[in-house]
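Please read it alongside the coordinates.

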Amino acid sequence: MSIDQWAISVMETLGVFGAALLVAIESLFPPIPSELILPLAGFTASRGSFDLVSVIVATTIGSLVGAIVLYALGRWVGVDRLKRAADRIPLTSAADVEKAMAWFHRFGPTAVLIGRFIPIVRSLISIPAGVDRMRVWLFLLLTALGSGIWNTIFVVLGFVLGENWVVVEDIASRYSRVVLIIAIIVVVAFVVWRVIRLVRRRRAAAVQSTDAGSTDPSSTGASDAE
């Protein structure tokens, strides 16, 4: 049984609760794409399994459930654990965590809202929100707003297109691939930049060490004695 057949079966068996459950799972496990689940929910609604408004509300609740779990994970991890982990990871440091969290503390609400429209980021953005201890009511409000808009678009498209819901999934998959490619490019560029900076620092340290050795009074005195 394919994923889409399984998802339809779950929603037809459990109703809107099944739709909410699938979206909550998708929020926790990004490899299961909402671009597949949401149009399928709309398509299932078009077959009379449940009404359109109910499935939009249910999927948004599912998004909130998944988001609050990741938010709680972020709060549990905390800044101190992240700093210690960063110091153990090559090319990163506690200072990087401090800079990232300072940026998030300033732009966090915007990041949470806009992040709901970006594949992968849509799920993961909840973790730094928890680490930063964003106010829960604000986090839930922004998540409900962003996820509600995202879910409504895809559910309605799936409902309107019916059997042709795969058109939505195909377009959304292309969008997701573009975002993923951009993310990979950014990560590779970051790693290359860090490696170059590390090499330059080591070279500069080596030059300073050599210069210090050549101007050491003790070494000059020994040379004169000879």
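1. Axes here are lines fitted to C-alpha atoms, for helices over the stretch in contact, with angles running from 0 to 180 degrees between N-to-C directions. Helices (H or I, at least four residues) are DSSP runs, numbered from the N terminus. This is a predicted model: local features need pLDDT of at least 70, side-chain atom pairs count only at pLDDT 80 or more, and totals for chains, interfaces and linings use all residues. Residues are numbered from 1 along each chain as its sequence is written, and side-chain values use heavy atoms, with hydrogens and water left out.

2. Helix 4 and helix 8 have axes that come within 8 Å and cross at roughly 140°. Helix 4 is therefore oblique to helix 8 (under 35 degrees is roughly parallel, over 145 roughly antiparallel, 65 to 115 roughly perpendicular, the rest oblique). The crossing is right-handed (the near helix is turned clockwise from the far one by less than a right angle).

3. Contact (heavy atoms within 4.5 Å) between these two helices involves, among others, L52, V55, I56 and T59 of helix 4 and V136, F139, L140 and T143 of helix 8. By class, the contact of helix 4 with helix 8 has 14 nonpolar, eight polar and one charged residues. Nonpolar covers Ala, Val, Leu, Ile, Met, Phe, Trp, Tyr, Cys and Pro; charged covers Asp, Glu, Lys and Arg; the others, Gly among them, are polar.

4. Helix 4 also meets helix 5 (residues 94-115): their axes come within 7 Å and cross at roughly 140°, so this pair is oblique. V79, L82, K83, A86 and D87 of helix 4 touch A94, V97, E98 and M101 of helix 5. Six of the residues in this contact are nonpolar, none polar and three charged.

5. What is the volume of the largest cavity? About 100 Å³. A cavity is a set of points on a 1 Å grid over the protein atoms alone where a 1.4 Å probe fits but cannot get out, and lining residues have an atom within 4 Å of a point. Grid points are joined across faces, edges and corners, and volume is the space filled by probe spheres set on the points. The count is one cavity of 30 Å³ or more.

6. The lining of the largest cavity has 16 residues, with E26, S27, S63, R116 and R122 nearest its centre. Helix 4 gives the most to this lining, four residues. The lining divides into five nonpolar, eight polar and three charged residues.

7. R133 lies in the loop between helix 7 (126-131) and helix 8. R133 is not a glycine, yet has a positive phi of about 55°. Most residues other than glycine have a negative phi.

Key. On a 1 Å grid over the protein atoms alone, a cavity is a set of points where a 1.4 Å probe fits but cannot get out, and a pocket is an open set with protein on both sides within 12 Å along at least five of seven lines; lining residues have an atom within 4 Å of a point.
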